[in-house]
Each structure stands twice: as structure tokens, then as C-alpha cells.
Amino acid sequence: MSNHRLQDAIDALKSTRVRMTPQRHAILEFLYETSMHPTADDIYKALEGRFPNMSVATVYNNLRVFKEVGIVKELTYGDSSSRFDCVTSDHYHVICQDCGKIVDFHYPGLDEVETLAEHVTGFKVHSHRMEIYGTCTECTKKVQH
Ligand SMILES: [Zn+2]
Ligand SMILES: [Zn+2]
């Protein structure tokens with residue numbers, strides 16, 4: 001299912017002459033196969049068994065390369081635990097305030113907000129960020145039982 005997007009990402013990397021290493025490939029593959037928006041630490045824990053010499057710093061460095069190429073997006077939350085999302089179409093995130101899970105939510109981009117913001121403030125607007133907060137279905141169940 002995600003193979004084709006993974007291949008696109010690999011092609012994008014190749015076109016920038018970034019060398020593909022087994023670690024790099026594994027990190028990318030993990031990102032494209034999960035919907036969990038992992039932290040660098042999550043990725044490290046998932047792959048350390050396969051790559052005993054890999055460190056969290058290696059994972060970070062690779063994520064930074066992916067980010068520069070534009071195949072991965074970093075979601076920062078004001079603390080050290082950035083989460084990473086493989087770039088697909090633009091989408092919004094619904095975040096569970098109990099367990100921190102992030103779920104993709106596809107909704108037409110709110111472009112008119114940007115246009116209006118430009119109008120009102122005179123800024124040249126580049127992007128916007130909207131997040132929706134709540135309690136996920138699993139956490140809701142936990143509370144009930
Ligand atoms: Zn939850
Ligand atoms: Zn996402």
C-alpha cells in the first residue's frame with residue numbers, strides 16, 4: 001500500500017545525490033509504514049535490534065536529511081519530542097490529550113484563512129497550522145471501565 005510512496009521518497013533522495021544506506025532505508029521504510037507519527041526515539045527503539053551500531057543521533061541526522069529533501073515533515077511541540085510525518089498531501093492532526101496519539105485528518109486546506117490573514121495583517125503568509133485536541137477512542141474506553 002505504502003510501497004509506491006516509499007519508492008517516490010527513495011527516488012527523491014536519489015535525485016539529490018543523498019547516499020542510500022541500509023539504515024537510511026530502514027528509517028524511511030518505518031516512517032512510511034506507520035501512521036503513528038513517531039519521535040526519533042520511537043524509530044530508534046524500533047530499529048536498534050537490526051542496527052546495533054545505530055544511535056538516536058544517527059536517527060536524528062537522517063531525519064534532518066529527509067526533512068531537507070522534503071520527504072518528511074517535523075511536527076514540533078515546544079519540547080524536545082518532535083514527531084515525524086512522511087509528507088503526503090496536506091492534512092491536519094487530531095491529537096489525544098491523554099496518550100499523545102496523533103491521527104491524520106484529511107480536510108480541505110483552509111486557504112481562505114491564509115488569504116484573510118494576509119489581508120488583515122499585511123503579512124506574506126506561508127502556511128498555517130491547525131490541530132484538533134480530544135480523547136481518542138481507546139482512552140475514552142479506559143475511562144469508562
Ligand atoms: Zn489516547
Ligand atoms: Zn500526519
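Here are a few friendly notes on this predicted model, taken element by element.

1. **The annotated histidine.** The UniProt record, an unreviewed entry, gives H128 the feature "binding site". The residue sits in the loop that runs between α5 (111-121) and β5 (131-134). Is H128 buried or exposed? H128 counts as exposed, because 11 other C-beta atoms lie within 10 Å of its own and the cut-off for exposed is 12 or fewer. Leaving aside residues up to four places away in sequence, H128 touches L110, V113 and E114. If you want to look at this site, keep in mind that the label comes from the record.

2. **Helix α2, length.** This helix covers residues 22-33, which is 12 residues.

3. **Helix α2, buried side.** Which residues of α2 are buried? They are I27, L28, L31 and Y32. These residues cover an arc of only 130° around the axis, and therefore lie on the same side of α2.

4. **The β3-β4 hairpin.** Strand β3 (residues 92-96) pairs with strand β4 (residues 102-105) in the antiparallel sense, over four bridges. A handy place to start when viewing the pair is Y92, which stands opposite F105 in β4. Five residues separate the two strands of this hairpin, and in the turn G100 has a positive phi of about 85°.

5. **Two backbone angles worth a look.** Most residues other than glycine have a negative phi. R17 is not a glycine, yet has a positive phi of about 65°. H37, also a residue other than glycine, has a positive phi near 55°.

6. **Where those two residues sit.** R17 belongs to the loop between α1 and α2, while H37 is found in the loop between α2 and α3. Are R17 and H37 buried or exposed? R17 is exposed, because 6 other C-beta atoms lie within 10 Å. H37 has 21 C-beta neighbours inside 10 Å and so counts as buried, the cut-off for buried being 20 or more.

Definitions and conventions
Residues are numbered from 1 along each chain as its sequence is written. Chains are lettered from A and ligands numbered from 1 in the order in which they are written. This is a predicted model: local features need pLDDT of at least 70, side-chain atom pairs count only at pLDDT 80 or more; totals for chains, interfaces and linings use all residues. UniProt positions are given in the numbering used here, feature names are shortened, and annotations may be inferred rather than shown by experiment. Two residues are in contact if their C-beta atoms, placed from the backbone, lie within 7 Å. The expected span of a helix is 1.5 Å times one less than its number of residues. The arc is that of the directions from the helix axis to the C-beta atoms. Two strands pair if DSSP finds at least two bridges between them.
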